[in-house]
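Welcome, and thanks for taking a look at this protein. Here is a short briefing to read alongside the sequence and the model.

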Amino acid sequence: MKYAKELNFPRIPEELIQEVYDSLKNPCAYTTSGASIDNKNWQYDFYEPTNALNQWLVDNIQPRGPWRGFAVQTLTGDVPAHTDWPHEATKLLYLVELGGQDIHTSWYQTKQEDFLKPATNAGGAVVDPSLCTEDNLLFRAQFETHKWYELKVNVLHYVDNIETTRISVATFDSIYIRK
């Protein structure tokens with residue numbers, strides 16, 4: 001895998017999709033928000049999955065890789081160009097709602113000195129989105145709902161054109177999410 005690939009993993013059963021939405025009623029396990037360089041507001045949250053959803057994920061997805069925990073994740077607005085937590089190289093993503101019609105995830109080449117905020121255990125590194133140009137574009141993808149993808153998250157990436165709330169199930173190797 002270079003930056004993203006579709007995986008032939010089982011779909012989350014239709015009867016458990018409501019559990020994704022029910023997970024959003026749980027207390028937020030982690031949140032971060034702000035305004036981008038062009039003053040657009042954004043927010044990123046993740047929630048502990050319901051017991052039924054978590055059990056299905058543990059039984060059907062966890063044995064397929066090194067992932068220790070799962071979360072239901074929401075994104076609103078264009079989250080800044082970033083890397084994820086410093087100890088995570090890849091994560092799985094299962095999109096329930098795309099968050100719009102023309103959403104792209106793009107990966108970019110950058111230098112360490114370009115980062116406005118370095119990656120720490122409190123979150124990933126952030127870079128000025130003006131550095132995300134076609135000249136340093138490595139890969140661009142559009143994803144579909146109800147499919148599993150493996151994403152390289154320790155490389156600078158940017159999700160753009162989010163119009164509504166993007167809802168997904170994701171893997172995390174993190175202390176915040178139940179194992």
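A nonpolar core, as the term is used here, is a set of buried Ala, Val, Leu, Ile, Met, Phe, Trp, Tyr and Cys residues joined through side-chain atoms within 4.5 Å. With that in hand, please keep in mind that this is a predicted model. Its largest nonpolar core has 23 residues, and a second, separate core has 19.

**Overall layout**
- The protein contains 2 helices and 12 strands.
- Reading along the sequence gives the pattern β-α-β-β-α-β-β-β-β-β-β-β-β-β.
- There are 179 residues in the protein, and 49% of them count as buried.
- Among contacts with a separation of 6 or more, 84% come from residues 24 or more positions apart.

- The average pLDDT of the protein is 82, and 79% of the residues score at least 70.
- Helix α1 (residues 14–23) has the highest confidence, at 97, while strand β7 (residues 115–117) has the lowest, at a mean of 56.
- Over residues 175–179 the pLDDT stays under 50, and for this stretch the model has 21 contacts beyond four places in sequence.

- Within the largest core, the residues with the most contacts are Y44, F46, W107, F143, L151 and F172.
- Strands β3 (41–47), β4 (69–76), β5 (90–97), β10 (148–152) and β12 (166–172) each supply at least two residues of this core.
- Strand β3 gives the most to this core, with 3 residues.
- The second, separate core includes L16, V20, W56 and V169.
- What does Y44 touch, leaving aside its neighbours within four places in sequence? Its contacts are Y30, T31, T32, Q73, T74, L75, K91 and F172.

- Strand β6 (residues 104–108) is joined to β9 by 4 bridges, and the two run antiparallel.
- W107 has F139 in β9 as its bridge partner; W107 is also one of the residues with the most contacts inside the largest core.

**A closer look at H157**
- Is H157 buried or exposed? H157 counts as buried because its relative accessible area is 7%, and the cut-off for buried is under 20%.
- The side chain of H157 reaches the backbone oxygen of V155 at 2.8 Å.
- Beyond its neighbours within four places in sequence, H157 is in contact with P80, A81, H82, T83, D84, S106, W107 and K152.

**Two residues with positive phi**
- Most residues other than glycine have a negative phi, and the two residues below are worth a look with that in mind.
- H146 has a phi near 60°, a positive value in a residue other than glycine.
- H146 sits in the loop between β9 and β10, and counts as buried because its relative accessibility is 17%.
- N161 has a phi near 75°, also a positive value in a residue other than glycine.
- N161 is found in the loop between β11 and β12, and counts as partly exposed, at 33% relative accessibility.

Key. Residues are numbered from 1 along each chain as its sequence is written. This is a predicted model: local features need pLDDT of at least 70, side-chain atom pairs count only at pLDDT 80 or more; totals for chains, interfaces and linings use all residues. Side-chain values use heavy atoms; hydrogens and water are left out. pLDDT is the predictor's confidence in each residue, from 0 to 100. Contact means heavy atoms within 4.5 Å. Two strands pair if DSSP finds at least two bridges between them. Buried means under 20% relative accessible area, exposed over 50%, partly exposed in between (1.4 Å probe, protein chains only). A polar contact is a pair of N or O atoms within 3.5 Å; within protein, one must be able to donate a hydrogen and the other to accept it, and residues adjacent in sequence count only if both atoms are side-chain atoms.
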